[in-house]
Amino acid sequence: MASAAQRRIKAISYAKYGYMFIAPFFLVYCFFQIWPLIYTFILSFKGNQSANTEWVGFDNYSTILFGQGTAEGAPGVQTEFLHALGNTFILWFGNFVPQILLSLLLAVWFTDAKVKLPGKGFFKVVMYMPNIITAASVAALYVSLFGDSKNYFINATMLNLGLISEPIKFVSGPVASKIMVMFIQTWLWFGNTMIMLMSGIMGINPSLFEAADIDGASSTQQFFKITIPLLQPIMVYTLVTSMIGGLQMFDIPYLFHTGARFSRELETVAVFIYYNFNKGTVDQASYGYAGAASIIIFAITAALGSITFYMNRDKDAIAKKKQRKKAEKQYKAKMKQGGLSI
Amino acid sequence: MSKLTRTLALLATLAMASSAFVACGGGTEESSAPAEGSSVADESSAEEGGDESSAEESGDESSAEESAAAGGEITLPDDGGTLSIVCWTDTDLLNMFDVFANHSDAAVEYVSCGENGAGASTEYATFLNSGQDVDLFVAEAGWILNYINDDTMSAPLSDLGLSEADYADAYQYTVEIGTDNNGVLKAASWQAAPGGWCYNTDLAQQYLGIEPDDTDAMQAKVKDWDTFAATAEELKTASDGAVTMTATLGGLWQAFSTAKNAAWVDGTTLKTDVAAEFTDMAKEYADAGYVNPAVDQWSDDWTAEGLNGETLGYFYSTWCLAAGAQLEGNGGSAGNWRIVNGPQDYFWGGSWLCVSPNCNTSGAAAEFVRDFTVDPAIMEEYSLESGDFCNNKTVMDKIVSDGSNSNALLGGQDQFAVLKDVADGIKMSDSITKYDQNLKDTFVDVLKKNITSDSATILDAFTTKALADNSDLTSDGAAPADDAAADDAAADDAAADDAAAE
């Protein structure tokens, strides 16, 4: 039997304090996350430059995707966007593949109980280090080392050693500059990926490896039969985050240049968006194209993400679920038929 | 080991956290609440400062200044705080601050925004909207129209008590550029920026047989574009191709295009005739090896060309010739460079002082603008101190006739005597448009990248890109936009596009 005081306490609702405590987060989130998201959609249906308050329907999308907008420059915008999209995929693929292979190799070495590497902690830290340097410093460093002409260190050294007869255009050349960016991105991110994969490998039950050892499995067999299958959830995570990051790749491609503008050879979709968004004063900026390109890249990311998840779904679990459902159905059907079957 | 790891992790965290605080410029946040009431008092105190200083000058000038200062009324607020001037570089401003400190007690500070003159064009827009304390900002000819034609970005000079009558002695083109579409004077320049052709006398003597101090002989060799090209050929033959005539296409383009006095855009139509003419010229120069097309204007390579004696000369404007500026860095420190008028009279850049509508230190702002764009005594002092070409015909005439200027980097030559003729020859009817910076950057970019293609391809690529960037422009029909494209990728895409359209 509750006393009067107890009943009163029960009647007081503490829920409102809870709401008050979480309100700041939601307010900030709405202002700085939700509204900009919605506004990007709105902007993608509005005009560009001096016409940036007019509604233009799908004009920006048809300009960017099909080059058939109302502005005379529409084919040029489409060309540039497709060029940027192509660059994005080339640069992402070219840095993701070497990055994941290198990280996986290092992660396996560092976690292998049999390989006693000295100074593991040191190497882990050193390999993670590039990731904490700001992109601006990294780009400046590489531009000043790998400049286009004989006045820069790498070209000067190679010329003096007689390895090349003409300076290599590491910064402005269409192929060399892409390779440079892939290399920089790999160098920046392999430490991070390695740490993630290591945590995944260390999460695998060590007794599996011990049992495999006792059964006489080679390290290659252990790697392909135990490590890789059990690492799958972390791999999917790495793939998805890297894909999102890759499609939004901006800093290094934008900063890796000499001269007044970013390099067109390295223009990614994010650079395209930023350039159109930030071409000058409000009257000059093409908010419409920037918004539409953002939405398109969002759609691409969503589609690719879904495909990745679909391909990497846990097939065993799904098969088991199906089996169970089938069994349930059979059981129910039997019950309907009435009673026992002998 | 774990201690090391922990320390490194801490360092890493700090580094990441500190990167979050990096923002455009190092602008100091100050309370920008304008205090209307205090404006009168501060104004008078600021003017007292001005009067004290001009009392040191000759009597005539100080009275002239007083009467002029009395002429206009300052309508913007004044809280007596620090005068903040936004620019992408402090090279000029620091010289100006030194001179300003001789005449005024008002505190001034330089606020940095923008990587360079071209980059500032876009970064200002964000910065000025950010609500930071900005009183005056410096703009370049290529993009100033974007700012002075926007009343949310700039206030008229009349709000600081300055009128067009104050600029009767200024170079007319600087006033034209500073006037917005409605004929309101929004910006004033402290400098005129006529440009000449500056050359290395050692190389000229070695390969062209010109005596070091015989600038007339050099001018005769570069008096027009045909002669310029002929001299380039002579130089190439004599030096066996080791020395180029001039460092960059960018410099050639500046001299060539501004002298044409033709606008990029007529109404909303993109004009490509000057670009077409220059494309042919650039291709001729690049093919013949008179210039190295791979070198970017203002880049390290550009500097190295002069330092290593790989180029005979640069197109330099007044502001390249001051101590510590481009000439010195590019090999002029030995004093063996000279300047001549060159093939055409042109101007290069120049900076204008614009007033922010949020200006809350109007007394000091008015004084600053007046000192450096109107007051002849201070402008002369500044010119002699900094080597800058001040925006006042009378003052420049006086400096040249007094012979009070000599530039050690030019072996004691008075660059003003040469550039004064150029400045008088500059014409700037309505040839600048708000599209200029973007179109110029695009053109130079496209030209440099496609220099080996034929002229038609280059122009098409330029038109395509220019129209893509500026959706309110239409082409002039001289170069159809969609039958050829910029680079390989673009060509492929365009071909695919054509195929898809059929």
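Begin with the salt bridges: a search over all chains of the whole structure finds 17 of them, and since you are looking at a predicted model, every stop below describes computed geometry. Side chains of opposite charge can pair when their charged atoms come close.

For the first stop, select B:Asp445 and A:Arg264, which form a salt bridge whose closest N and O atoms are 3.7 Å apart. This pair crosses between chains, running from helix H19 (residues 436-449) of chain B, where B:Asp445 sits, to the loop between helix H12 (251-255) and helix H13 (269-277) of chain A, which holds A:Arg264.

Then select B:Lys398 and B:Asp402, whose side chains meet in a salt bridge of 3.8 Å from N to O. Both belong to helix H17 (residues 393-402) of chain B, and because they are four residues apart there, about one helical turn separates them. B:Lys398 is partly exposed, with a relative accessible area of 40%, and B:Asp402 also counts as partly exposed, at 46%.

Turn now to charge on the surface. In chain B, select B:Asp224, B:Asp226, B:Asp280, B:Glu284 and B:Asp287, which gather in a patch of negative charge. Helix H12 (residues 273-288) of chain B gives the most to this patch, with three residues; B:Glu284, found in that helix, is partly exposed, with a relative accessible area of 42%.

In chain A, select A:Lys321, A:Arg324, A:Lys325 and A:Lys329, which gather in a patch of positive charge on the surface. A:Lys329 has its place in helix H15 (residues 315-338) and is exposed, with a relative accessible area of 65%.

Finally, show chain A as a whole, with its 15 helices and zero strands. Its radius of gyration is 28 Å, well over the 20 Å that the globule rule gives for 342 residues, so chain A is more spread out than a compact globule. Of those 342 residues, 40% count as buried.

Terms used:
Residues are numbered from 1 along each chain as its sequence is written. Chains are lettered from A and ligands numbered from 1 in the order in which they are written. This is a predicted model: local features need pLDDT of at least 70, side-chain atom pairs count only at pLDDT 80 or more; totals for chains, interfaces and linings use all residues. Side-chain values use heavy atoms; hydrogens and water are left out. Patches are made of residues with over 30% relative accessible area and no salt bridge: like charges are joined within 9 Å, nonpolar side chains (Val, Leu, Ile, Met, Phe, Trp, Tyr) within 5 Å. Accessible areas come from the Shrake-Rupley method with a 1.4 Å probe; for residues, only the protein chains shown count as cover. A salt bridge is a side-chain nitrogen of Lys or Arg within 4 Å of a carboxyl oxygen of Asp or Glu. Lys and Arg count as positive and Asp and Glu as negative; His and the chain ends are not counted. The place of a charge is taken as NZ of Lys, CZ of Arg, CG of Asp or CD of Glu. Helices (H or I, at least four residues) and strands (E, at least two) are DSSP runs, numbered from the N terminus. Buried means under 20% relative accessible area, exposed over 50%, partly exposed in between (1.4 Å probe, protein chains only). The radius of gyration is taken over C-alpha atoms; the globule rule is 2.2 Å times the number of residues to the power 0.38.
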